[in-house]
Amino acid sequence: MAFLKTEAAVRVRARESAWRSGLAMCLAAVAGMASAQSALPPQQPSPGTAGKTLQRIQASGVVVIGHRESSVPMSYVANGTPMGYSVDVCLQIAQALGRHLKLREPRVAYRMVTSSNRFDAIEKGEVDLECGSTTNTAARRQRVAFTIAHFIASSRIVVQSGKPYSRIEDLDGKALASTAGTTNIDSLAREAAAKAIRVRIEPAKDHAEGFGWVVDGKVEGFAMDDVLLFGLRASHSRPEDLKVIGKPMTIEPYAVAFERDNPELKAVVDAELRRLIHTRELHRLYDKWFTSPIPPKGLNLGMRMSHLLVDSLKYPSDYVPQ
């Protein structure tokens, strides 16, 4: 019996010794692998992972801003110089890109774009940041990326100040105008149908014509993006004769567009927008362009920040469901 116990004990000790030996060999192998890995140079990103936009900026030291010609006060040209609220936002982003790429002094170049070619310009690498009055939509996100919205437009109605109108329901049975080929003319029809009011919608060839019809009394109201309505009103010889009324009929989040499928670029752009929001620099830029005199004529739009934009800036996000 004692012999059997001794033999069993020997077998147990042998197994324990073998297990410890195997464990030691495994640990040594792991340590060797770790040592070998630490001796390797840091892994460099493959040529395609950095993104074309950042590669261009790194190579040239230039950030190309795509701007609009006459989207006052978002992005326009005055006295030969591109300017506006969106342009100022993009100038801040350009500096952030320079810091990220460790450029001593990034330069900015401008390229004019239109509503029809702005996304082509991004896809072709002709512009790095599109800084206009561009709405973030699901369809557009198939072509470009967007950052956090810095402005929210909405379709509203301008009427004569002397008329007793404050909401679309007050215009039941009246003639209204909107510009042909815009989303506004469709949203006006939908809003009227949803509220069961009768309106006759006259399509204008452009914003100036529709606005002029209100001034001349040919129609009772003109529906368009509120920022454009305030711009038209401010440009009128007697702004006090006109007022913008009604609740928003649409929500149009304007945002800077840039190359899609580029996580590094998007991270830098989004971080800069959040910084502008949290430090309230964005609010100061807003006041500069919407509640103060602006070039070239010193017009003041008198357009305070909407509740929609105020609320959205409390929780900065690039999420747009549609």
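Two strands are said to pair if DSSP finds at least two bridges between them. In this predicted model, Ser71 stands opposite Ser75 in β3.

- An open sheet is formed by 3 strands in the order β2-β3-β4, with antiparallel pairing.
- The edges are held by β2 (70–71) and β4 (81–83); each has a single partner strand, so one side of each is left without a neighbour in the sheet.
- Strand β3 (residues 75–78) is joined to β2 by 2 bridges, and the two run antiparallel.
- Strands of a sheet pair through backbone hydrogen bonds, either parallel or antiparallel.

**Helix α2**
- In helix α2 (residues 52–60), the buried residues are Thr53, Leu54 and Ile57.
- These residues lie on the same side of α2, because they cover an arc of only 95 degrees around the axis.
- The exposed residues Lys52 and Ala59 are carried by the face of α2 turned away from its buried side.
- The cover over the buried residues of α2 includes β1 (62–67), α3 (85–100) and α8 (263–278).
- Gly61 follows α2 and has a positive phi, near 75 degrees.

**The nonpolar cores**
- The largest nonpolar core has 60 residues, of which Tyr85, Val89, Leu97, Leu129, Phe151 and Phe290 touch the most other members.
- Helix α3 supplies the largest share of this core, 7 residues.
- Apart from its neighbours within four places in sequence, Leu97 is in contact with Leu54, Ile57, Val63, Leu129, Leu265 and Val268.
- A second, separate core has 12 residues, among them Val159, Leu176, Leu188 and Ile245.

Conventions. Residues are numbered from 1 along each chain as its sequence is written. This is a predicted model: local features need pLDDT of at least 70, side-chain atom pairs count only at pLDDT 80 or more; totals for chains, interfaces and linings use all residues. Side-chain values use heavy atoms; hydrogens and water are left out. Buried means under 20% relative accessible area, exposed over 50%, partly exposed in between (1.4 Å probe, protein chains only). Helices (H or I, at least four residues) and strands (E, at least two) are DSSP runs, numbered from the N terminus. The arc is that of the directions from the helix axis to the C-beta atoms. Contact means heavy atoms within 4.5 Å. A nonpolar core is a set of buried Ala, Val, Leu, Ile, Met, Phe, Trp, Tyr and Cys residues joined through side-chain atoms within 4.5 Å.
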